[in-house]
Amino acid sequence: MRGSYLVVIVIVAIGTYLMRFLPMRFKGTVGNIVKSSNFLKHSSTAIVSALFLTSLVSFPTKLGEILTSLLALALVFLSYRKWRNLGISIMVGIVSHFSFNILLR
């Protein structure tokens, strides 16, 4: 089971990297670069959104895990609103998610 997760993570990482790399690599050589880069921009946003949703909700659904994720996400949002620093917000999210997991188990 763990091996299949690793394969999926590697495939998504490669896909995300290629969607960012290909427009820079073929800039000026593709006939209609505006449509191509627009498609790649929106598809990479869709991949990130899908990754976010699948990391937030897993099956079978466990209320404690969803609550932990939502609380951590709320703290990330609040810390970003306060300090306007993405690095600090990510660290707040990691620490709060870990702390909530410890407290709720």
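This is a predicted model: local features need pLDDT of at least 70, side-chain atom pairs count only at pLDDT 80 or more; totals for chains, interfaces and linings use all residues.

Visitor: OK. Is F21 buried, partly exposed or exposed?

Guide: F21 counts as partly exposed because its relative accessible area is 30%. The scale is buried under 20%, exposed over 50% and partly exposed in between, with a 1.4 Å probe and protein chains only.

Visitor: And which residues form the nonpolar patch on the surface?

Guide: L6, V10, I14, Y17, L18, F21 and L22, with about 620 Å² of accessible area together. Patch members have over 30% relative accessible area and no salt bridge; nonpolar side chains (Val, Leu, Ile, Met, Phe, Trp, Tyr) are joined within 5 Å, like charges within 9 Å. A salt bridge means a side-chain nitrogen of Lys or Arg within 4 Å of a carboxyl oxygen of Asp or Glu. Areas come from Shrake-Rupley with a 1.4 Å probe, and for residues only the protein chains shown count as cover.

Visitor: Zooming out, how many helices and strands does the chain have?

Guide: 4 helices and 0 strands, so the order from the N terminus reads α-α-α-α. Buried residues are 13% of the 105 in the chain.

Visitor: Switching to S69: what is it in contact with, beyond its sequence neighbours?

Guide: Leaving out neighbours within four places in sequence, S69 contacts L56 and H97, where contact means heavy atoms within 4.5 Å. S69 belongs to helix α3, residues 63-83, and is buried because its relative accessibility is 13%.

Visitor: How far apart are the C-alpha atoms of V57 and S69?

Guide: 8.6 Å, with the two 12 residues apart along the chain. V57 is in the loop between α2 (33-56) and α3.

Visitor: Last one: what's the phi of R84?

Guide: Near 55°, a positive value in a non-glycine residue. Most residues other than glycine have a negative phi. R84 lies in the loop between α3 and α4 (86-104), and R84 is exposed, at 56% relative accessible area.

Note on methods
Residues are numbered from 1 along each chain as its sequence is written. Side-chain values use heavy atoms; hydrogens and water are left out. Helices (H or I, at least four residues) and strands (E, at least two) are DSSP runs, numbered from the N terminus.
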